[in-house]
Amino acid sequence: MKKSIAALAPALLLTACANLTPAVAVSAGPDSDSGYIAGLFNRDGWSFGMRIRSMDRMDEYVMPMGEDTRLPANLRGSTVAIKVKPGRYAVAGLFAYTTLSKEIISKAPGLGGPMVTPFDVKPGAVVHLGEFTVESKRVEVPGANAVRYNMRVHPHATREQDVAAAFRAAYPKLAGLEIRCVSCPARAPAP
């Protein structure tokens with residue numbers, strides 16, 4: 001998926017904030033009354049958030065796509081999980097935000113394929129969204145007094161056992177929970 005967004009330089013001071021859902025602490029133990037949504041992320045450029053909407057209660061969670069750092073940092077293999085109420089969910093969209101002020105700088109619609117299909121989160125279980133690389137690069141537009149942000153989200157064909165292993169390594173106290181990946185291929189990708 002590729003989205004380009006052009007904006008005048010003064011428009012970069014957007015008023016919307018990312019309002020991130022806190023990531024589960026790596027030391028957290030299981031909560032049998034809650035479910036978990038997780039992802040494995042690689043990031044270049046700005047930080048990204050994934051809007052996840054409840055289909056039951058119409059509330060919304062915003063999962064950081066990679067560790068939410070105070071200063072810009074590229075990341076590789078960052079597993080993030082958020083705790084949610086059990087129920088039916090769908091990815092509602094993506095956006096890039098500044099790492100320091102958490103201001104939204106550009107928005108994009110949700111991912112295609114399996115991510116459009118709602119998924120069920122059971123109590124005491126993990127729904128893993130799979131592995132993604134996210135990029136947001138600032139591009140000056142010569143002679144136009146404008147800035148464009150090229151946003152790209154690249155889903156990977158990572159096997160379910162590999163994303164589950166990364167989750168268990170990042171969250172050892174949650175390692176015993178059932179993990180189901182909604183975007184992992186049914187068969188292992190060819191070497």
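This report covers the salt bridges, nonpolar cores, helix packing, backbone exceptions and disulfide of one predicted model.

Residues are numbered from 1 along each chain as its sequence is written, and side-chain values use heavy atoms, with hydrogens and water left out. Because the model is predicted, local features need pLDDT of at least 70 and side-chain atom pairs count only at pLDDT 80 or more, while totals for chains, interfaces and linings use all residues.

**Salt bridges**

The structure holds nine salt bridges. A salt bridge here is a side-chain nitrogen of Lys or Arg within 4 Å of a carboxyl oxygen of Asp or Glu.

| Arginine 57 | Aspartate 59 | 3.7 Å |

Accessibility is given in classes: buried means under 20% relative accessible area, exposed means over 50%, and partly exposed lies in between (1.4 Å probe, protein chains only). Secondary structure elements are DSSP runs numbered from the N terminus, where helices are H or I runs of at least four residues and strands are E runs of at least two.

Elsewhere, salt bridges link Arg51, Arg53 and Glu60 in a network.

**A buried aspartate**

Aspartate 44 lies in strand S2 (residues 35-45) and counts as buried, at 11% relative accessibility. Its side chain is joined to that of arginine 76 by a polar contact of 2.8 Å. A polar contact is a pair of N or O atoms within 3.5 Å; within protein, one must be able to donate a hydrogen and the other to accept it, and residues adjacent in sequence count only if both atoms are side-chain atoms. With neighbours within four places in sequence left aside, aspartate 44 is in contact (heavy atoms within 4.5 Å) with Asn74, Arg76, Val134, Glu135, Ser136 and Lys137.

**Nonpolar cores**

A nonpolar core is a set of buried Ala, Val, Leu, Ile, Met, Phe, Trp, Tyr and Cys residues joined through side-chain atoms within 4.5 Å. The largest core has 26 residues, and the members that touch the most others are Ile37, Ile52, Met63, Phe119 and Leu129. Leaving aside neighbours within four places in sequence, the contacts of methionine 63 include Ile37, Phe41, Phe48, Ile52, Val80, Ile82 and Leu129. A second, separate core of eleven residues includes Val24, Ala38, Ala164 and Leu174.

**Helix H1**

Helix H1 spans residues 160-170, and its buried residues are Val163, Ala164 and Phe167. Viewed down the axis of H1, these residues fall within an arc of 100° (taken from the directions from the helix axis to the C-beta atoms), so they line one face of the helix. S2, strand S5 (75-84), S9 and S11 are among the elements that cover them.

**Positive phi values**

Most residues other than glycine have a negative phi. Methionine 58 has a positive phi, near 65°; this residue is in the loop between strand S3 (47-54) and strand S4 (60-64). Methionine 58 is exposed, with a relative accessible area of 59%. Lysine 102 likewise has a positive phi near 65° and is placed in the loop between strand S6 (87-97) and strand S7 (104-108).

**Cysteines**

The structure holds one disulfide, defined as a pair of cysteine sulfur atoms within 2.5 Å. Cysteine 181 and cysteine 184 form it, with their sulfur atoms 2.1 Å apart. The link is right-handed, with 80° about the S-S bond. Both cysteine 181 and cysteine 184 are buried, whereas cysteine 17 is partly exposed, at 40% relative accessible area.
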